[in-house]
2 protein chains.
Amino acid sequence: MKIDPSNKADLSAQIAEAIRDAIVEGRMIVDERLPSEAELADQFEVSRPTVREALKRLAAQSLIRTQRGAFGGAFVNRLSYEGAYGQHITTSTLLLSMNAVSFETACEARYALERACTPLACARRTADHLATMRAEIHRQAQPGLSDESFCASDVAFHRALVDAAGNPVLSYHLAGAVEAMQPLMNMITFTARSREVIEHLHTRIADALQAQDATAAETALHELEAYTLTLGRDVMAAHARKSAPVSSG
Amino acid sequence: MKIDPSNKADLSAQIAEAIRDAIVEGRMIVDERLPSEAELADQFEVSRPTVREALKRLAAQSLIRTQRGAFGGAFVNRLSYEGAYGQHITTSTLLLSMNAVSFETACEARYALERACTPLACARRTADHLATMRAEIHRQAQPGLSDESFCASDVAFHRALVDAAGNPVLSYHLAGAVEAMQPLMNMITFTARSREVIEHLHTRIADALQAQDATAAETALHELEAYTLTLGRDVMAAHARKSAPVSSG
DNA sequence: TTACATTTAAATGTCTGACAATTTTGGCGC
DNA sequence: GCGCCAAAATTGTCAGACATTTAAATGTAA
């Protein structure tokens, strides 16, 4: 982690990549302190601002953290599930919004992923998971609940379903994917608001998990997907009519 | 996107967040040009190096790209599947390696995710997908194939399986997850090298997809998972007793 | 000896000003 | 019209300086 052949790319990008490689390949371990900015500038034979730009690139990816003061500096970060989770969601959300992903595609992907964890969730769900799901269902049934709170509760319910599988890697991937699609999903819930049906399907999912009946859980998820899809299409159609009001019937 | 209340956080972090919010919330659209560094420095009332650090943070997340020269500057990036995919893989790989995720957990998550796409893949697979899978199986059967090439072919095979579902969002999440776990998986394939069994199971998966038999595909994937898990445990056990080799049957 | 206040040093955060490199635009001569 | 060149705008990089923060070291008093 020293050499820096004078390419045409940005020096700060090259330095960031060199340090990133050192971290990824395990040559630097968690909580290890990087040399100070001045020392790095010496090593790479660049100025301190250039080194700083490189460090900011790494900080943006949560690969390092910095601490001011004596014996401060840049330290290799332990990439926590929480940190990675946040990045995953931001990236996925932007990917959806910037590439005009259709509601159908997102919906299909979401429920396909969620069904991936149902067999494990049925096998391993604890009383805690079931209690969380029941509590969220109960909250969803309360009349005065705002749309925002309903959506939040919906996320919490599905998050509990995913966590019930008892596999943190699965939780990371699935919960990130589900949460990233929430803005799209919210659009539906806000407009079509059919809480009774959703609440009923949630109850069926919780029942299936309690009974450890994976088939029933998957069936209920299929129905929830179909229902969501129908609502989504209605909303889309209404949108289309509003912006281009052509009577087609 | 102007104000910057004098907090205690880094100015460059605050500025980066302000611009990121503007992009995420759609106030800046794809390919739109940001003000020049000097103008941003004026707007936020900071110096140019501070602005530059903020821009580097955003560049590290592929949110913007920069171009030198007249009428150059920073532009909002369209977050492509490829770009997001790379970030997803890097983050997930680090998450696995830094948190000592067990092989069992990773393996379980991987195949659970992969099974999530089999029904869709069976329904939608095209001749192209089948041809790719057959070609990779054929390559895997060749005797002189290096371990590296075998692993690459393995990834390509599973990538084709995922892509066969015809859902780019699903492909993004699944392929990213699968590829991030490849280092762990490689450790197994390199050591235990039982290519015939794997090749046979791959053939069964391809056959099932061709016959559009989702159940058969899932069964084969379950068997592949069980087999991989067995191999993994053997390798782990061998590792554990590498100093005292006890023959256990 | 212990507890607390002060100093000190190391490091990051920020600023100023300058120059280099690059790329588009427009003008000039032919 | 075409090719060449200069100008302008913008990012990339550098050097040096000062401000701020923080932990350790030191000094001081009970």
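When residues are sorted by class here, Asp, Glu, Lys and Arg count as charged, Ala, Val, Leu, Ile, Met, Phe, Trp, Tyr, Cys and Pro as nonpolar, and the others, Gly among them, as polar. Keep that in mind as we walk through this predicted model.

Let's start at DNA strand D. It is surrounded by 22 residues, and the closest are A:Leu11, A:Thr50, A:Ala70, B:Arg48 and B:Arg52. Sort the residues of this surface by class and you get 10 charged, 8 polar and 4 nonpolar. Helix 3 of chain B gives the largest share, 3 residues. Helix 3 (48-60) of chain A and strand 1 (64-67) of chain B also supply at least two residues each.

Which part of the DNA does the protein meet? You can pick out examples of both. For a base, look at B:Arg48: a polar atom of its side chain lies 2.9 Å from a base oxygen.

Now move along chain A to helix 8 (residues 147-163) and helix 11 (residues 195-211). Their axes are 12 Å apart and pack at an angle of about 20°, which makes the two helices roughly parallel. The crossing is left-handed. Residues making the contact include A:Phe150, A:Phe157 and A:Leu161 from helix 8, and A:Ile198, A:Ile205 and A:Leu209 from helix 11. By class, this contact has 6 nonpolar, 2 polar and 3 charged residues.

Conventions: Residues numbered from 1 in each chain as written. Chains lettered and ligands numbered in written order. Predicted model: local features only at pLDDT ≥ 70, side-chain atom pairs only at ≥ 80, totals over all residues. Heavy atoms only, no water. Near = heavy atom within 4 Å. Polar contact = N/O pair within 3.5 Å; in protein donor to acceptor, adjacent residues only side chain to side chain. Helix = DSSP H or I, 4+ residues; strand = E, 2+ residues; numbered from the N terminus. Axes fitted to C-alpha atoms, helices over the stretch in contact; angles between N-to-C directions. Parallel < 35°, antiparallel > 145°, perpendicular 65-115°, else oblique. Left-handed = near helix turned anticlockwise from the far one by under 90°. Contact = heavy atoms within 4.5 Å.
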